[in-house]
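This report concerns the links between side chains and the pairing of strands in one protein model. The sequence and structure are shown first, and the discussion follows.

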Amino acid sequence: SANLDNGLMLHHIVTFNTGRPDATCGPDTAVGSLGERFWAAGNERTGGRLPPGFGYHYGTERVVGVVEIMNHSPQPRVVYVATTVSYVPDTTADMKPVRPVWLDEDNCGDSSYPVPAGPSNKVWRWTSTLTGRVILAGGHVHNGGIKVVFGNETTGEHLCTSYAGYG
(Lines give C-alpha, C1' and ligand atoms only; values in the text may rest on other atoms or scores of the structure.)
Protein backbone atom coordinates (compact mmCIF):
# COMPACT_ATOMS: atom_id res chain seq x y z
CA SER A 1 0.00 0.00 0.00
CA ALA A 2 1.42 3.38 -1.01
CA ASN A 3 0.65 5.49 2.02
CA LEU A 4 2.67 8.17 3.80
CA ASP A 5 2.99 6.08 6.98
CA ASN A 6 5.19 3.59 5.09
CA GLY A 7 7.23 6.19 3.23
CA LEU A 8 5.23 6.21 0.00
CA MET A 9 2.51 8.54 -1.16
CA LEU A 10 0.07 8.37 -4.04
CA HIS A 11 0.45 11.99 -5.02
CA HIS A 12 -1.92 11.86 -8.00
CA ILE A 13 -3.40 9.49 -10.50
CA VAL A 14 -5.48 11.14 -13.22
CA THR A 15 -7.14 9.37 -16.15
CA PHE A 16 -8.01 10.97 -19.48
CA ASN A 17 -10.29 9.95 -22.34
CA THR A 18 -8.29 10.96 -25.42
CA GLY A 19 -11.39 11.06 -27.62
CA ARG A 20 -13.16 13.91 -25.83
CA PRO A 21 -12.23 17.49 -25.00
CA ASP A 22 -11.84 18.47 -21.36
CA ALA A 23 -14.69 20.58 -19.94
CA THR A 24 -12.48 23.32 -18.47
CA CYS A 25 -9.05 23.09 -20.18
CA GLY A 26 -8.65 23.73 -23.89
CA PRO A 27 -6.62 21.46 -26.17
CA ASP A 28 -3.93 24.15 -26.36
CA THR A 29 -3.02 23.56 -22.67
CA ALA A 30 -0.79 20.75 -21.40
CA VAL A 31 -3.67 19.25 -19.40
CA GLY A 32 -6.32 19.72 -22.09
CA SER A 33 -4.10 18.20 -24.79
CA LEU A 34 -4.47 14.81 -23.06
CA GLY A 35 -8.27 14.77 -23.39
CA GLU A 36 -11.15 14.72 -20.92
CA ARG A 37 -10.21 14.12 -17.29
CA PHE A 38 -12.74 11.63 -15.94
CA TRP A 39 -11.30 9.98 -12.82
CA ALA A 40 -8.60 10.75 -10.28
CA ALA A 41 -7.34 9.78 -6.84
CA GLY A 42 -4.67 10.76 -4.37
CA ASN A 43 -3.37 9.77 -0.96
CA GLU A 44 -6.57 11.00 0.70
CA ARG A 45 -8.44 8.21 -1.15
CA THR A 46 -11.57 10.16 -2.02
CA GLY A 47 -14.14 7.67 -3.25
CA GLY A 48 -16.47 8.13 -6.13
CA ARG A 49 -19.33 6.01 -7.38
CA LEU A 50 -21.96 7.31 -9.74
CA PRO A 51 -25.57 6.90 -8.59
CA PRO A 52 -27.58 4.06 -10.15
CA GLY A 53 -28.75 4.92 -13.65
CA PHE A 54 -25.79 7.20 -14.44
CA GLY A 55 -22.66 6.24 -16.35
CA TYR A 56 -19.58 7.50 -18.12
CA HIS A 57 -19.27 6.18 -21.68
CA TYR A 58 -15.66 5.48 -22.61
CA GLY A 59 -16.17 5.03 -26.33
CA THR A 60 -13.37 3.42 -28.32
CA GLU A 61 -10.63 6.01 -27.76
CA ARG A 62 -7.51 5.37 -25.73
CA VAL A 63 -7.51 6.04 -22.03
CA VAL A 64 -4.23 7.50 -20.74
CA GLY A 65 -3.13 8.22 -17.21
CA VAL A 66 -0.71 10.38 -15.31
CA VAL A 67 0.59 8.75 -12.12
CA GLU A 68 2.84 10.34 -9.53
CA ILE A 69 3.97 8.25 -6.58
CA MET A 70 6.39 9.88 -4.15
CA ASN A 71 9.00 7.88 -2.25
CA HIS A 72 9.76 9.60 1.08
CA SER A 73 12.16 6.87 2.21
CA PRO A 74 15.87 6.61 1.36
CA GLN A 75 15.45 3.10 -0.13
CA PRO A 76 14.22 2.38 -3.65
CA ARG A 77 10.68 0.92 -3.58
CA VAL A 78 8.68 -1.16 -6.06
CA VAL A 79 5.03 -0.17 -6.41
CA TYR A 80 2.14 -1.31 -8.59
CA VAL A 81 -1.00 0.50 -9.65
CA ALA A 82 -4.13 -1.66 -9.67
CA THR A 83 -7.49 -0.41 -10.88
CA THR A 84 -10.93 -1.94 -10.61
CA VAL A 85 -13.55 -0.68 -13.03
CA SER A 86 -17.25 -1.51 -12.80
CA TYR A 87 -19.14 -1.31 -16.05
CA VAL A 88 -22.41 -2.12 -17.76
CA PRO A 89 -22.96 -2.93 -21.45
CA ASP A 90 -23.77 -0.10 -23.89
CA THR A 91 -27.17 -1.70 -24.37
CA THR A 92 -28.19 -1.10 -20.73
CA ALA A 93 -31.58 0.64 -20.75
CA ASP A 94 -32.17 4.08 -19.23
CA MET A 95 -28.51 4.95 -18.55
CA LYS A 96 -28.01 8.71 -18.28
CA PRO A 97 -24.61 9.98 -19.45
CA VAL A 98 -22.45 12.16 -17.21
CA ARG A 99 -19.99 14.88 -18.19
CA PRO A 100 -17.00 15.11 -15.86
CA VAL A 101 -16.01 18.64 -14.90
CA TRP A 102 -12.64 18.96 -13.22
CA LEU A 103 -11.99 22.03 -11.09
CA ASP A 104 -8.43 22.60 -9.95
CA GLU A 105 -6.62 25.06 -7.70
CA ASP A 106 -4.99 26.66 -10.74
CA ASN A 107 -7.08 25.00 -13.40
CA CYS A 108 -5.11 23.82 -16.43
CA GLY A 109 -1.84 24.65 -14.66
CA ASP A 110 0.37 22.50 -12.45
CA SER A 111 -2.12 22.13 -9.53
CA SER A 112 0.35 23.72 -7.18
CA TYR A 113 -0.59 25.60 -4.05
CA PRO A 114 2.20 26.86 -1.76
CA VAL A 115 0.90 26.02 1.72
CA PRO A 116 1.96 28.56 4.33
CA ALA A 117 2.96 27.55 7.85
CA GLY A 118 -0.03 27.13 10.16
CA PRO A 119 -3.70 26.91 9.27
CA SER A 120 -4.74 28.19 5.85
CA ASN A 121 -7.86 28.46 3.73
CA LYS A 122 -7.78 28.82 -0.06
CA VAL A 123 -10.84 29.86 -2.09
CA TRP A 124 -10.89 29.21 -5.83
CA ARG A 125 -13.72 30.31 -8.11
CA TRP A 126 -14.82 29.11 -11.53
CA THR A 127 -17.62 30.58 -13.64
CA SER A 128 -19.42 27.69 -15.32
CA THR A 129 -20.19 27.69 -19.02
CA LEU A 130 -22.13 24.41 -18.68
CA THR A 131 -25.69 23.58 -17.72
CA GLY A 132 -26.94 20.52 -15.90
CA ARG A 133 -27.07 19.17 -12.40
CA VAL A 134 -24.29 17.96 -10.18
CA ILE A 135 -24.66 14.26 -9.34
CA LEU A 136 -21.26 13.52 -7.77
CA ALA A 137 -18.46 15.66 -6.37
CA GLY A 138 -15.25 14.88 -4.53
CA GLY A 139 -12.18 16.76 -3.41
CA HIS A 140 -8.43 16.18 -3.39
CA VAL A 141 -6.05 17.45 -0.72
CA HIS A 142 -2.62 16.27 0.33
CA ASN A 143 -1.62 15.00 3.76
CA GLY A 144 -2.57 17.56 6.38
CA GLY A 145 -5.47 18.84 4.29
CA ILE A 146 -8.87 18.35 5.87
CA LYS A 147 -11.60 19.03 3.34
CA VAL A 148 -12.77 20.60 0.10
CA VAL A 149 -16.09 22.48 0.09
CA PHE A 150 -18.00 22.86 -3.16
CA GLY A 151 -20.90 25.26 -3.63
CA ASN A 152 -22.82 27.45 -6.03
CA GLU A 153 -22.12 31.10 -5.17
CA THR A 154 -24.90 32.32 -7.49
CA THR A 155 -27.63 30.43 -5.60
CA GLY A 156 -25.84 30.15 -2.24
CA GLU A 157 -26.34 26.38 -2.40
CA HIS A 158 -23.87 24.09 -0.61
CA LEU A 159 -23.24 21.11 -2.91
CA CYS A 160 -20.59 18.99 -1.21
CA THR A 161 -18.03 18.82 1.56
CA SER A 162 -15.39 16.20 0.77
CA TYR A 163 -13.36 15.09 3.80
CA ALA A 164 -9.96 13.44 3.33
CA GLY A 165 -9.70 9.85 4.57
CA TYR A 166 -5.99 9.01 4.03
CA GLY A 167 -5.33 5.47 2.90
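Arg37 is buried at 3% relative accessibility, where buried stands for under 20% relative accessible area, exposed for over 50%, and partly exposed for what falls in between (1.4 Å probe, protein chains only). Its side chain meets that of Asp22 in a salt bridge with an N to O distance of 2.7 Å; the term denotes a side-chain nitrogen of Lys or Arg within 4 Å of a carboxyl oxygen of Asp or Glu. Because Arg37 lies in strand E2 and Asp22 in the loop between E1 and E2, the pair ties together parts that are 15 residues apart in sequence. Helices (H or I, at least four residues) and strands (E, at least two) are DSSP runs, numbered from the N terminus. Asp22 is likewise buried, with a relative accessible area of 9%.

The model is predicted, so local features need pLDDT of at least 70 and side-chain atom pairs count only at pLDDT 80 or more, whereas totals for chains, interfaces and linings use all residues. Residues are numbered from 1 along each chain as its sequence is written, and side-chain values use heavy atoms, with hydrogens and water left out.

Four salt bridges are counted under the stated rule. The table lists three of them.

| Glu36 | Arg20 | 3.4 Å |

Glu36, in strand E2, and Arg20, in the loop between E1 and E2, are 16 residues apart. Glu36 is buried at 1% relative accessibility, while Arg20 is partly exposed at 25%. A network of salt bridges links Arg20, Glu36 and Arg99.

Nine bridges join E1 and E4 in the antiparallel sense, and Phe16 has Val64 in E4 as its bridge partner.

His11 is placed in strand E1 and is buried at 13% relative accessibility. Its contacts (heavy atoms within 4.5 Å) beyond four places in sequence include Glu68, Ile69, Met70, His140 and His142.

Which residues does the disulfide join? A disulfide, defined as a pair of cysteine sulfur atoms within 2.5 Å, joins Cys25 to Cys108 at an S to S distance of 1.9 Å. Cys25 is in the loop between strand E1 (8-17) and strand E2 (36-41), and Cys108 is in the loop between strand E5 (96-97) and strand E6 (147-152), 83 residues apart. The link is left-handed, with -105 degrees about the S-S bond. Cys25 is buried at 2% relative accessible area, whereas Cys108 is partly exposed at 22%. A search of the whole structure finds one disulfide.

Notes. Two strands pair if DSSP finds at least two bridges between them.
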